[in-house]
Amino acid sequence: MKALAVTPALRLIGLVDHLEPALRAPDDVLLRVLRVGVCGTDREICAFDYGTPPAGEGYLVLGHESLAEVVSAGPEAGGFAPGQLVVPMVRRPCADPACDACRAGRQDFCVTGGYVERGIKGAHGFMTARVVDAARWLVPVPAELRDVGVLVEPLTIAEKALLEVRRMLDRMPWRGEDLAGLHAVVLGGGPVGLLGAMALRVAGCRVTLVSRQGAADVRAGLLESIGGSYVSSADTPLATLFPPLGRVDLVYEAVGAEAPAFEALAALGPNALFVFTGVPGRRGAPDVDGGVLMRSVVLNNQVVLGTVNAGRDAYEAAVADLGRFMALWPDAVRALITNRFPLAGAREALVTRVGGIKTVVEIGAA
Ligand SMILES: [Zn+2]
Ligand SMILES: [Zn+2]
C-alpha cells in the first residue's frame, strides 16, 4: 500500500510502501481514506521545520485533515457500520498521569507536550488508502457532507475559538453568550479565515473579511454570497483600514503574520476580543509600539486569546456547522476546494506554491 511520507533524517518526501493496517484492539475501526486536505502545517513538515515519525520508525506518513469511510469495525467499536463517513481527530493524549487536561479528555489543552498528532508528531497520518483508528477518536459525518467533509478539521479551529469566545462574552452580563449582532473582522483569506467567516455568519455576526488579495479576487464574491463583506488590504495599511469599519467586537486572526495581527489589535475599541489562530512564518516588523498596545488592551478591557487544536466538542460543532453552511451556501462551500491532486502527484502540492484556496489529495474519493 502506497503512502506519502517524509523521512526527516534523509530530507526525503515521496511515496513509500506502507504496511497494510489491521484491526488489533476490540474498539478498532478500519477506514478507507477518501480525501485528505493540505495546509501550512503539512508544507512546514515538508520543509523539515517539524514533523516527527513514530518512535523507532524512519518516516512519517503525512496528512491530518481527512475524511474516511468505515470498512469494518471491531466488536467493541460501538455503532460504526460499514459505509459510515468519519473524520478522525488529530491529537491523542499524553501518558502523564499529572496532565489534568489529557486525563480529562481535553488533550487539545495538554500541558506536557507529550501528546501525539496523526500526520504531524509521533503517529502516521492519513495520506494512504487505509488506516485503523480507535472508535473513540472518530467523529461521525453525515453522508450528505461527503464532498466537503474534508473541511471539518480546518473548521474546528474556528469552532474551538467560538466555543471559547462564547464563554468570554459571558463576562458582559448584559449580553450573555450570544454572538448574534457582533461585528467580527476576520484577518486572512485562506481556508481557516473563510471557514471562520462562515462560522461567524451562521452564529449571527456581521462579518468583514480583510485579506491582501485585490478587490476583484474570488474571495470578495465568496464573502458577498455568505452575506459578509470583503475588504482588500492590498493598498491600505490596517491602521487606516480599521476606523471606517466602525465598532469591531471580535477579531479572528487567520493570517499567521505578526504585523497585520498587531496592527489590528491596536485598532480595537472597548471590550473587544481578539483571537489568534496563526503561527507566524513570514516576518515583518509590526508598526505598533508595545507600550501603546499594552495600554490599549488594559484601558479597553480587551481579551486576547490564543487557540490551537480542538476537542471533540469543536469537531461536533464543525460537522453541524458544515451542514448549515451547505444548506445556506453550497456553492461557496464547494468553491473553497480549488485544487485536487491524486496521491501519486501529492508531493507537488506540498513542495510548490499551488495557489487557490484549499488543496486536497483525492485518495479513494470515487
Ligand atoms: Zn491542517
Ligand atoms: Zn497531556
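Tutor: Start with Ala-257, which sits in the loop between β15 (250-253) and α7. Keep in mind that this is a predicted model.

Student: Ok. Is Ala-257 buried or exposed?

Tutor: Ala-257 has a relative accessible area of 9%, and buried means under 20%, so this residue counts as buried.

Student: How far is Ala-257 from Gly-188, C-alpha to C-alpha?

Tutor: Their C-alpha atoms are separated by 9.5 Å, while along the chain the two residues are 69 residues apart.

Student: Moving on to α7. At what angle does α7 pack with α8?

Tutor: About 45 degrees, and the axes are 9 Å apart. Here α7 covers residues 258-266 and α8 covers residues 290-299. That angle makes α7 oblique to α8.

Student: Which residues meet there?

Tutor: From α7, Phe-262, Leu-265 and Ala-266; from α8, Leu-293, Ser-296 and Val-297. Five residues of this contact are nonpolar, one is polar and none is charged.

Student: New topic, the zinc ion (ligand 2). Which protein atoms are its donors?

Tutor: The SG atoms of Cys-94, Cys-99, Cys-102 and Cys-110, at 2.2 to 2.4 Å from the zinc ion. In sequence these donor residues follow the spacing C-x4-C-x2-C-x7-C.

Student: And what geometry does the site have?

Tutor: The site is tetrahedral, with angles of 105 to 114 degrees among the four donor atoms.

Student: Are Cys-94 and Cys-99 buried or exposed?

Tutor: Both are buried.

Definitions and conventions. Residues are numbered from 1 along each chain as its sequence is written. Chains are lettered from A and ligands numbered from 1 in the order in which they are written. This is a predicted model: local features need pLDDT of at least 70, side-chain atom pairs count only at pLDDT 80 or more; totals for chains, interfaces and linings use all residues. Side-chain values use heavy atoms; hydrogens and water are left out. Donors are N, O and S atoms within 2.8 Å of the metal (3.2 Å for Na, K and Ca); water is not among the atoms, so sites may look incomplete. Four donors count as tetrahedral if all angles lie between 85 and 135 degrees; four count as square planar and six as octahedral if opposite donors are over 155 degrees apart and all others between 65 and 115; anything else is irregular. Buried means under 20% relative accessible area, exposed over 50%, partly exposed in between (1.4 Å probe, protein chains only). Axes are lines fitted to C-alpha atoms, for helices over the stretch in contact, and angles run from 0 to 180 degrees between N-to-C directions. Helices (H or I, at least four residues) and strands (E, at least two) are DSSP runs, numbered from the N terminus. Angles under 35 degrees count as roughly parallel, over 145 as roughly antiparallel, 65 to 115 as roughly perpendicular and the rest as oblique. Contact means heavy atoms within 4.5 Å. Ala, Val, Leu, Ile, Met, Phe, Trp, Tyr, Cys and Pro count as nonpolar, Asp, Glu, Lys and Arg as charged, and the others, Gly among them, as polar.
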